[in-house]
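Keep the sequence and the 3D view side by side as you read.

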Amino acid sequence: MKSIIITGGAGFIGSHVVRLFVRKYPQTKIINVDKLTYAGNLANLKDIENAPNYMFVKADICDFDTIYSLMQNEHVDGIIHLAAESHVDRSIKDPFTFARTNVLGTLSMLQAAKLYWESLPEKYEGKRFYHISTDEVYGALEITDPEGVRPPFTTKASSSEHHLAYGTEFFVETTKYNPHSPYSASKASSDHFVRAFHDTYGMPTIVTNCSNNYGPYQFPEKLIPLFINNIRHRKPLPVYGKGENVRDWLYVEDHARAIDLIFHQGRVADTYNIGGFNEWKNIDIIRVLIKTVDRQLGRKEGEDLNLITFVTDRQGHDMRYAIDSRKLQKELGWEPSLQFEEGIEKTVRWYLNNQEWLDSVTSGDYQTYYEKMYANR
Ligand code: NAD
Ligand code: DAU
């Protein structure tokens, strides 16, 4: 592949994918297409912004003409599509934005790729449209073991002392879609469009559904960075409901490695689930965060447990997500590289050492700064 578009490359996961590809594939042009919404921040890519194989294009994925011209001009043969509105709470307040970006934006990317690739003599030969989706499209699992049980599977990510599952059911690639939030409904719809482009036009598509990611550069509206920042500043920690909802956490760089592997070796028209068999109740993860932040700041460990504040639950709050990623492990040999405790330790350290980044994204200053910088180029 000579030229790849990565959409949403200025966001949390996208920036890790762009960095990995720019460094690992110096002969491939990596084109980061991002609208720079509140969630997009070019400071996430400062270390690679001058790499000769990196190009940034500020564009809205819904802008079909721009995307189509870019594909033609840059002879794009691969797309890794991450751009999306990604925060469930925002989708509950403003579902239209989610339908526009996640559904129509994906459709615009698909249609531009179709028209461009079908115009080439080789057509779809050597092309890839890889769509990044979420486990939330499968709906919610029940908690059948509130105390947690030893799960039947292990991975490095979950091989910690905690290692529990809160039910016997897991999401597999064939689990029926049953999205509940406007966010997951929009992602489910986009997944269906991607598969429809394979089934109708023969486009070589791949879809992956991943569990909750954590790590550096995540926008501090999501649980882990929000709470690390609040603990540091001794602000209340708003725990939705009783804090008993369960999420399955994966270190973001392990997701990026899976994306690289699947983009290059995954089977066309297939689906892979990505996750670490690493389930945590929110309240347990919050306690770990408090202890870790306190320790790293030289405070008495657990001193800030009193910041926990139970607040009104999220509407339609999905109870449990748990991914079965054995297909990816068996077929492509992927495994998470990082145990959860190590990942949390690294993540907390990163946010505490990058207070400036946190302050700039919470103030919104970064958008003006980079918009000016790019306008002057
Ligand atoms: P994010 O919100 O951090 O980043 C999204 C990026 O997309 C931002 O840079 C934003 O500027 C860009 N964007 C938004 N609308 C756009 C538009 N109309 N045109 C061009 N760019 C636009 O999101 P994230 O957490 O990095 O998630 C990336 C992808 O991975 C999403 O598709 C999400 O559904 C999926 N996903 C996320 C997780 C997770 O835990 N964060 C887990 C599984 C799947
Ligand atoms: O499962 C994958 C999904 O994970 C991705 O598709 C989404 O893009 C990503 O945002 C994430 O969704 P969640 O809703 O699970 O993540 P969030 O960080 O918003 O919340 C994690 C859990 O913590 C969830 O049960 C809600 C709870 N929570 C969250 C916030 C922000 C709180 O209790 N308090 C909070 O303030």
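This is a predicted model: local features need pLDDT of at least 70, side-chain atom pairs count only at pLDDT 80 or more; totals for chains, interfaces and linings use all residues.

Begin at ligand 2. Around ligand 2 sit 24 residues, and S86, D135, Y183, R314 and H317 come nearest.

Now look at the oxygen atoms of ligand 2. One lies 2.6 Å from a side-chain N or O atom of R314. For T134, an oxygen atom of ligand 2 is 2.7 Å from a side-chain N or O atom. For N212, the distance from a ligand oxygen to a side-chain N or O atom is 2.7 Å. Taken alone, ligand 2 exposes 690 Å², and the protein buries 94% of that.

Next, the interior. Nonpolar side chains tend to be buried together in soluble globular proteins. Here the largest nonpolar core has 37 residues. Within this core, I6, F21, Y54, I80, Y130, I262 and I274 touch the most other members. Several elements give two or more residues to the core, among them β1 (3-7), α1 (12-24), β5 (128-134) and α9 (326-332). The most comes from α7, with seven residues.

Take Y130 as a way in. Leaving aside residues up to four places away in sequence, Y130 touches I79, I80, H81, I206, T208, I259, I262, F263 and I274. A second core is separate and has 31 residues, including I228, I231, W249 and L358.

Note on methods:
Residues are numbered from 1 along each chain as its sequence is written. Chains are lettered from A and ligands numbered from 1 in the order in which they are written. Side-chain values use heavy atoms; hydrogens and water are left out. A residue is near a molecule or strand if one of its heavy atoms lies within 4 Å of it. A polar contact is a pair of N or O atoms within 3.5 Å; within protein, one must be able to donate a hydrogen and the other to accept it, and residues adjacent in sequence count only if both atoms are side-chain atoms. Accessible areas come from the Shrake-Rupley method with a 1.4 Å probe; for residues, only the protein chains shown count as cover. A nonpolar core is a set of buried Ala, Val, Leu, Ile, Met, Phe, Trp, Tyr and Cys residues joined through side-chain atoms within 4.5 Å. Buried means under 20% relative accessible area, exposed over 50%, partly exposed in between (1.4 Å probe, protein chains only). Helices (H or I, at least four residues) and strands (E, at least two) are DSSP runs, numbered from the N terminus. Contact means heavy atoms within 4.5 Å.
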